[in-house]
Amino acid sequence: MVDPIALAVPGFFALIGVESVVARARRRRVYRLGDSITDLSCGVSSQIEAMFFAAAQLAVYAAVFARFRVVELHGWRAWAVAFVGVDFFYYWWHRLSHEVNVLWAAHVVHHQSEDYNLAVALRQSITTGWSAVPFYLPLALLGVPPLVFAITHALSTLYQFWIHTELVGKIRGPVAWTLNLP
């Protein structure tokens, strides 16, 4: 399977460039060289880790799916449950990553920058993926096929990138009640 995150890397760099230009035009400083180098280094490290262990993480999910699923979802139902479920379990993983020490140990790297910009989205610990695996296993039990889960999870990860900027103002209304926004 082609990794959508790896394919998006050139887009990440292009958008970071756009963010830098917009920040400069607004006379705002949203990047510091040291932080940016660390952000990108963490992003590279997490992608290298993913090359070796993403298949193992998906294998854990697939094993739970194969052995313990209650039902098997197909078609639009699988995609609907995956879309809502990935977002729901991501929310709980992220929230508990701020409250449970072992999860915070994996997540704190993401919050160590002094700036809030698109490069910070790339600042991930190499243990982040493993810390999230247990949160998504209920989707395997509910019968979301591994490929549907993997694609939905990758798309959710891509979505998380754009919300890491201080240049987008507060978004209000019904959209803000249901979606994770900047």
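Colleague: Where does His-164 lie, and what makes it count as buried or exposed?

Modeller: His-164 sits in the loop between α6 and α7 (174-178), where helices are DSSP runs of H or I with at least four residues, numbered from the N terminus. Its relative accessible area is 9%, and buried means under 20%, exposed over 50% and partly exposed in between, with a 1.4 Å probe and protein chains only, so His-164 is called buried. Please keep in mind that this is a predicted model, in which local features need pLDDT of at least 70 and side-chain atom pairs count only at pLDDT 80 or more, while totals for chains, interfaces and linings use all residues. Residues are numbered from 1 along each chain as its sequence is written, and side-chain values use heavy atoms, with hydrogens and water left out.

Colleague: Which residues is His-164 in contact with, leaving aside its neighbours within four places in sequence?

Modeller: Contact means heavy atoms within 4.5 Å, and with those sequence neighbours set aside His-164 touches Glu-19, His-110, Tyr-116, Asn-117, Leu-118, Val-120 and Ala-121.

Colleague: Why does Arg-27 count as exposed, whereas Arg-95 counts as partly exposed?

Modeller: Arg-27, in the loop between α1 (4-25) and α2, has 80% relative accessibility and therefore counts as exposed. Arg-95, which is found in helix α3, has 38% relative accessibility and so counts as partly exposed.

Colleague: What is there to say about the phi of Arg-27?

Modeller: Arg-27 has a positive phi of about 55 degrees although it is not a glycine. Most residues other than glycine have a negative phi.

Colleague: What makes α3 oblique to α5?

Modeller: Their axes come within 9 Å and cross at roughly 135 degrees, the axes being lines fitted to C-alpha atoms over the stretch in contact, with angles from 0 to 180 degrees between N-to-C directions. Angles under 35 degrees count as roughly parallel, over 145 as roughly antiparallel, 65 to 115 as roughly perpendicular and the rest as oblique, which is why α3 is described as oblique to α5. The contact includes Val-86 and Phe-89 of α3 and Phe-135 and Tyr-136 of α5.

Colleague: Why is α2 called roughly parallel to α5?

Modeller: Helix α2 (residues 33-68) packs against α5 at about 25 degrees, with the axes 9 Å apart, and that angle makes α2 roughly parallel to α5. Among the residues that make the contact are Phe-53 and Val-60 of α2 and Trp-130 and Val-133 of α5.

Colleague: And why are α2 and α6 oblique to each other?

Modeller: The angle between α2 and α6 is about 140 degrees and their axes are 10 Å apart, so the pair is oblique. Leu-58, Tyr-61, Ala-62 and Phe-65 in α2 meet Pro-146, Phe-149 and Ala-150 in α6. These residues divide into seven nonpolar, no polar and no charged, where Ala, Val, Leu, Ile, Met, Phe, Trp, Tyr, Cys and Pro count as nonpolar, Asp, Glu, Lys and Arg as charged, and the others, Gly among them, as polar.

Methods:
Helix = DSSP H or I, 4+ residues; strand = E, 2+ residues; numbered from the N terminus.
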